[in-house]
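Please look through this structure alongside the notes below. They are numbered so that each can be checked on its own.

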Amino acid sequence: MKGGDGLDALQAKLAIQAHIACARQAAILAGGQGTRPPGGPAGDAPTPFSPVGDIRRRPAAFLDRDGVLNVDVGYAHRPDQIEWLPGARETVRYLNEHGYYVFVVTNQAGVARGYYDEEAVQALHAWMQADLAHAGAHVDDWRYCPYHPDGIVPRYRRSHPWRKPGPGMIQDLLAKWPVTLQGSFLLGDKESDLQAAAAAGIPGYLVDGADMLGQVRALAG
Ligand SMILES: [Mg+2]
């Protein structure tokens, strides 16, 4: 049955090639995350998305980090400093399951102030993503702004459009992902969060720390 074996081998090879092609297409549809590290350095040119992404156009929830997802202890940069706020992970999961992109937009002036470096921010976000996964939740993309005009680290000592109340982080995400503004919103804990949302043309709300999930259900329902 050598001929049969050859046919089986050919079919297996074709199946593998089809699988690879599907995986590549899936990667493209995923927004090309592999081409740019999440939360990459501020000032990168936005990555245009493929027209094929239009079929996936969805609203987005832009979440501040400190004071919305985790207790704001001031310049958190290690996992042991992260205490999730009540309902935060469940809220992210709810948004995941109800067709929203979930993005984190966070000022991280601690980098400019020399308290920690960008690698620490990225490592912490990777840890948070892994911890969210335990709750069946995920953040689609992260943006942080390491700049501050009063910083002590020269390369980060400057004003920057990504720093809230500037809308730069939101605008960068809107440029990269197929987001529909209709239905999109930001959740923050400071006036500067709301100002950033307004400047980007989306509604912003102060988080209800007592019932974040209920608040988001009402917003996203
Ligand atoms: Mg905050």
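1. Helix 5 covers residues 168-176, and its buried residues are Gly168, Met169, Ile170, Asp172, Leu173 and Lys176. Buried stands for under 20% relative accessible area, exposed for over 50%, and partly exposed for what lies in between (1.4 Å probe, protein chains only). Helices (H or I, at least four residues) and strands (E, at least two) are DSSP runs, numbered from the N terminus. The buried residues of helix 5 pack against strand 1 (60-63), strand 2 (101-107), strand 3 (141-145), strand 4 (185-188) and helix 6 (191-200). Contact here means heavy atoms within 4.5 Å.

2. A word on the source: this is a predicted model, in which local features need pLDDT of at least 70 and side-chain atom pairs count only at pLDDT 80 or more, while totals for chains, interfaces and linings use all residues. Residues are numbered from 1 along each chain as its sequence is written, and side-chain values use heavy atoms, with hydrogens and water left out.

3. How do helix 5 and helix 6 pack? Their axes are 8 Å apart, at an angle of about 45°. Axes are lines fitted to C-alpha atoms, for helices over the stretch in contact, and angles run from 0 to 180 degrees between N-to-C directions. The two helices are therefore oblique to each other. Angles under 35 degrees count as roughly parallel, over 145 as roughly antiparallel, 65 to 115 as roughly perpendicular, and the rest as oblique. Helix 5 passes helix 6 in a right-handed crossing; a crossing is right-handed if the near helix is turned clockwise from the far one by less than a right angle, and left-handed if anticlockwise. Ile170, Gln171 and Leu174 of helix 5 make the contact with Ala196, Ala197, Ala199 and Ala200 of helix 6. By class, this contact has six nonpolar residues, one polar and no charged. Ala, Val, Leu, Ile, Met, Phe, Trp, Tyr, Cys and Pro count as nonpolar, Asp, Glu, Lys and Arg as charged, and the others, Gly among them, as polar.

4. Helix 2 (residues 88-97) and helix 7 (residues 212-220) have axes that come within 8 Å and cross at roughly 20°. That makes helix 2 roughly parallel to helix 7. The crossing is right-handed. On the helix 2 side the contact uses Ala88, Glu90, Thr91, Tyr94 and Leu95, and these meet Met212, Leu213, Val216, Arg217 and Ala220 in helix 7. The residues of this contact divide into seven nonpolar, one polar and two charged.

5. Asp64 is buried, at 6% relative accessibility, and Asp66 is buried at 12%.

6. Lys190 sits in the loop between strand 4 and helix 6. Lys190 is partly exposed, at 46% relative accessibility. Setting aside residues up to four places away in sequence, Lys190 touches Asp72 and Leu206.

7. Two backbone details deserve a check. Most residues other than glycine have a negative phi, and most peptide bonds are trans. Tyr75, in the loop between strand 1 and helix 2, has a positive phi of about 60°. The peptide bond from Lys164 to Pro165 is cis, with omega near 20°, and Pro165 lies in the loop between strand 3 and helix 5.
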